[in-house]
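Dear colleague,

Please find below the structure that I am handing over to you.

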Amino acid sequence: MAFVTGPSDVVRAMFDHHLWATATLIAHLDGLPRERLDEAIPGTYGSIVLTLSHLLNADARYLLRLTDPDPPPAGEDVARPLAELASELEDHRGRWNGFLDRLDAGTLDASIRSRDDYPDVAHAEGLLMLQAIHHGNDHRTQICSTLGALGLDVPDLDGWEYWIADR
């Protein structure tokens with residue numbers, strides 16, 4: 001029987017890329033002198049390491065929101081060591097996979113309670129997953145733009161590179 005790509009395979013590939021790209025970026029940044037990670041350029045979230053910390057913090061909140069419709073407000077982002085971020089990313093990998101399993105089984109149903117900046121959203125799992133992918137791409141691009149503007153090597157994190165490296 002021939003393999004047919006289904007919707008679940010596509011969503012999983014998107015999250016696999018999201019996690020791979022962040023892990024690849026962390027590994028790339030680990031080869032830089034520590035002081036370079038504190039650099040920033042105008043138009044980005046902040047320093048390289050602060051932006052990466054923000055990306056992982058936001059992912060943790062999206063994961064939390066998949067089970068808690070009204071989590072406490074986010075705290076201020078603080079730059080964290082790359083090793084800590086890499087470890088947290090591995091935790092996120094297991095959690096995303098668990099939520100994708102629940103999505104496949106039809107047992108994932110997330111809601112968001114309104115706040116000043118967004119409305120109530122029932123069945124918000126699609127929104128939260130979409131936002132995680134978009135947010136990750138946005139901030140990885142900002143980090144790569146910073147690297148390039150500083151004259152540093154920029155890792156190739158696109159879908160083609162992921163497919164070649166991981167598939």
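Helices here are DSSP runs of H or I with at least four residues, and strands are runs of E with at least two, numbered from the N terminus. The model is a predicted one, in which local features need pLDDT of at least 70 and side-chain atom pairs count only at pLDDT 80 or more, while totals for chains, interfaces and linings use all residues. Residues are numbered from 1 along each chain as its sequence is written, and side-chain values use heavy atoms, with hydrogens and water left out.

Helix α3

Helix α3 covers residues 82-105. The expected span of a helix is 1.5 Å times one less than its number of residues. For the 24 residues of α3 this gives 34 Å, and the end C-alpha atoms are 34 Å apart, so the two values agree. After α3 comes G106, with a positive phi near 75 degrees.

Which residues of α3 are buried? They are L82, L85, E88, L89, H92, W96, F99 and L100. I use "buried" for a relative accessible area under 20%, "exposed" for over 50% and "partly exposed" for values in between, with a 1.4 Å probe and protein chains only. These buried residues pack against α1 (7-30), α2 (48-65) and α4 (125-149); contact means heavy atoms within 4.5 Å.

Salt bridges

The structure holds 9 salt bridges, each defined as a side-chain nitrogen of Lys or Arg within 4 Å of a carboxyl oxygen of Asp or Glu. R80 takes part in two of those described here: with E84, the closest N and O atoms are 3.0 Å apart, and with E88 they are 2.6 Å apart. R80 has a relative accessible area of 15% and is therefore buried. E88 also counts as buried, because its relative accessibility is 17%, whereas E84, at 38%, counts as partly exposed.

Within α3, R93 and E90 lie 3 residues apart, about one turn of the helix. Their salt bridge has its closest N and O atoms 3.2 Å apart. R93 is partly exposed because its relative accessibility is 25%, and E90 is partly exposed at 44%.

N57, in helix α2, touches D77 and R80 when residues up to four places away in sequence are not counted. N57 has a relative accessible area of 21%, so it is partly exposed. N57 and E76 are 19 residues apart in sequence, and their C-alpha atoms are 9.7 Å apart in space.

The largest pocket

On a 1 Å grid over the protein atoms alone, a pocket is an open set of points with protein on both sides within 12 Å along at least five of seven lines, a cavity is a set where a 1.4 Å probe fits but cannot get out, and lining residues have an atom within 4 Å of a point. Grid points are joined across faces, edges and corners, and a volume is the space filled by probe spheres set on the points.

The largest pocket has a volume of about 380 Å³. It is lined by 18 residues, of which R61, Y62, R65, D117 and Y118 are the closest to its centre. The elements giving two or more residues to this lining are α2 and α4, and α2 supplies the largest share, 6 residues. By class, the lining has 9 nonpolar, 4 polar and 5 charged residues. Here Ala, Val, Leu, Ile, Met, Phe, Trp, Tyr, Cys and Pro count as nonpolar, Asp, Glu, Lys and Arg as charged, and the others, Gly among them, as polar.

H123 lies in the loop between α3 and α4. Its phi is near 50 degrees, a positive value in a residue other than glycine. H123 counts as exposed because its relative accessibility is 56%.

Helix α4 has 25 residues and reaches 36 Å from its first C-alpha to its last, close to the expected 36 Å. G151 follows α4 and has a positive phi, near 80 degrees.

L150 lies in the loop between α4 and α5 (159-166). Its relative accessible area is 23%, so L150 is partly exposed. Leaving aside neighbours within four places in sequence, L150 is in contact with R36, E39, I41 and I48. L150 and E39 are 111 residues apart in sequence, yet 8.5 Å apart in space, C-alpha to C-alpha.

With kind regards
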